[in-house]
Amino acid sequence: MSDDVPATAIPADPPPPTAPGPTGRREGRGRGRDGGRGRDEGRNRAQDEGRSRERDEGRSRERDEGDDRARDAEGRPGSRSRPWTALWVTALALPPLALLAAAAWAGRWVRPGADDWCFLPLVRDEGVAGLVGKFYLDDNGRLANALLVGAYAKFQVAGHQWFPLVSGVLVVAVLWVVAVLALRRAGLRTPRGLPLLTAAMTTALFLLATPNTYKTFYWPAASVSHTLPPVLACAALIPLLLARSVRGRAFAVAVALLAAAFLATLSEETAIVVVMVLLAVLLVSGRVVAAPQRAFVRLWCAAGIAGTAAGALVLITSPGSRNRRERFGAETTSLLSSDSLAASLRAFAEITVTVVTTWQYVGAVAAGVLLGLLCRRADGAAPRPPAHWPLLVTTGVLVLLVSGYLCTVIAYPVFGARVSAPSANRLWNDYLLLYVILLVGAGALLGLAFRRLAPRTASPAKAVCAALCVLACLGPAIALTHLGTELRDRAEKWDAQDHRLREGAAAGERVLPYERLVISQMLEPFSEGGRRYWPGGCVADFYHLDRVTDESRAR
């Protein structure tokens, strides 16, 4: 018999019969008394088991009541605090939205400058098709960039004034929709207003917390090349998150292919970021993507990479791109030289220090912590952090660093050491949105950790995060106030000069003096002490003149 089998599994041998007699009677009485004691012991055991079951049921009820109280405290279904939570979360979205509204309202003072001086007369005289041809054949080969520039230049000065409002609404709307769909896809529920808070805070920090807000938000040409492309890349996620059927998945793959090709001819830097993200998803999909969705996600990523390659091929082989590389000495040999790579690394290190030490980005972390503290599963339970969250965090950081460095590498031959200067901060925007989104994700992981490891600190953490969200908007608000004053002053001088130049051209003048109106280190004619004429020729074309002269030297 095996030692693992309990002894009770084998019946015991019956006792031998005893002879009748006095001894038998006494033994019978003994067995009767023993049987009574056995019945008493059985009743006692039954009572003990009943009391034990009652105690266990009581503890279970207490645990359930505790869980219900915890659910009430977190604002889950049936909670009395849920309407109040939705109310204060929605109210918390008002500061970043008000900041964005004020920034868009100040857009009425935007006037053309730098490259826009050249775009306006060309679109006015030859239309958007003329601008597309010039970009492809002469300037840079960016077909999609020419289409978007032509879309606002078609309206001349009014296009510049409306651009901040339109682009700001577009960024908020895209990030809001992506946040809602991503949470729904993950099976998470949040109080109303929380996705809007996340989108508004991300947008406000992305557009207005940079060292040079004018070139990020108010200069349409820079926004088209570096600010809007990463947002359009996020918009390509919407069909992916909505895909449920075979037809929906096919549509999502087609959108990924076409959107990636479009982005490759819109911004080379954003194309690099897109490829790095897609490659990272392909590499980690075996561990972080559920098996039923894995093949579809990999196909979607492959379509995005193929589209980017096709668009990059169109761009690189264009005459305009060849002219640009020759003009700035950005051929492959110089681009990948050891000196250029080392200088790009130093410049990217300076950019990293500038971005990391910008304290306003703590608002993105705070919004993410609120997301982690307030989200819940469909059954009302608190979600757990992703099983592979260390892999996700490591991958996100590596993608950000690699893509940021590569963007600096391709920009360095054109801008040189200025690539890390605040005046060139628009070049950082291609990967800056990824940085802000990663901060929100890191905050969400912190919020989930608070709920599991220190649940009693959830309420104080919410209060601190709410305060940080408001404080993060104060710095950009103060900077925006000063910038708004500069915008208004320049607009008044620009309008007066515009009136004078138009009157002179109508009177038959062919050469007129031009006053430089610089804002936020934007290029104007006669820069570098009057030695650099560009874009003076474009200003003359805009006013139908032969040439403009430096008014400061005529005084």
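Residues are numbered from 1 along each chain as its sequence is written, and side-chain values use heavy atoms, with hydrogens and water left out. Because the model is predicted, local features need pLDDT of at least 70 and side-chain atom pairs count only at pLDDT 80 or more, whereas totals for chains, interfaces and linings use all residues.

The protein chain contains 22 helices and four strands, assigned as DSSP runs (helices H or I, at least four residues; strands E, at least two) and numbered from the N terminus. Of its 555 residues, 46% are buried, a term that denotes under 20% relative accessible area, with exposed meaning over 50% and partly exposed in between (1.4 Å probe, protein chains only). The chain exposes about 28,000 Å², of which carbon and sulfur atoms supply 63%, as computed by the Shrake-Rupley method with a 1.4 Å probe. Among contacts (heavy atoms within 4.5 Å) with a separation of 6 or more, 79% are accounted for by residues 24 or more positions apart.

Helix α12 (residues 268-288) packs against helix α13 (residues 291-316) at an angle of about 155°, with the axes 9 Å apart; the axes are lines fitted to C-alpha atoms over the stretch in contact, and angles run from 0 to 180 degrees between N-to-C directions. The two helices are therefore roughly antiparallel, a class that comprises angles over 145 degrees. The contact joins α12 residues including Val274, Leu278 and Leu282 to α13 residues including Trp300, Cys301 and Ile305. By class, this contact has twelve nonpolar, four polar and three charged residues, where Ala, Val, Leu, Ile, Met, Phe, Trp, Tyr, Cys and Pro count as nonpolar, Asp, Glu, Lys and Arg as charged, and the others, Gly among them, as polar.

In helix α2 (residues 82-92), the buried residues are Thr85, Ala86, Trp88, Val89 and Leu92, and their cover includes α3 (94-105), α7, α17 (362-374) and α20 (458-506).

Thr190 lies in the loop between β1 (188-189) and α7 (194-208) and is buried, with a relative accessible area of 15%. Leaving aside neighbours within four places in sequence, Thr190 is in contact with Leu183, Pro195, Leu371, Leu374, Cys375 and Arg376. Ser321, by comparison, is located in helix α14 (residues 319-328) and counts as buried at 8% relative accessibility. With neighbours within four places in sequence again left aside, Ser321 is in contact with Asn140, Gly141, Leu315 and Ile316.

Conventions: Parallel < 35°, antiparallel > 145°, perpendicular 65-115°, else oblique.
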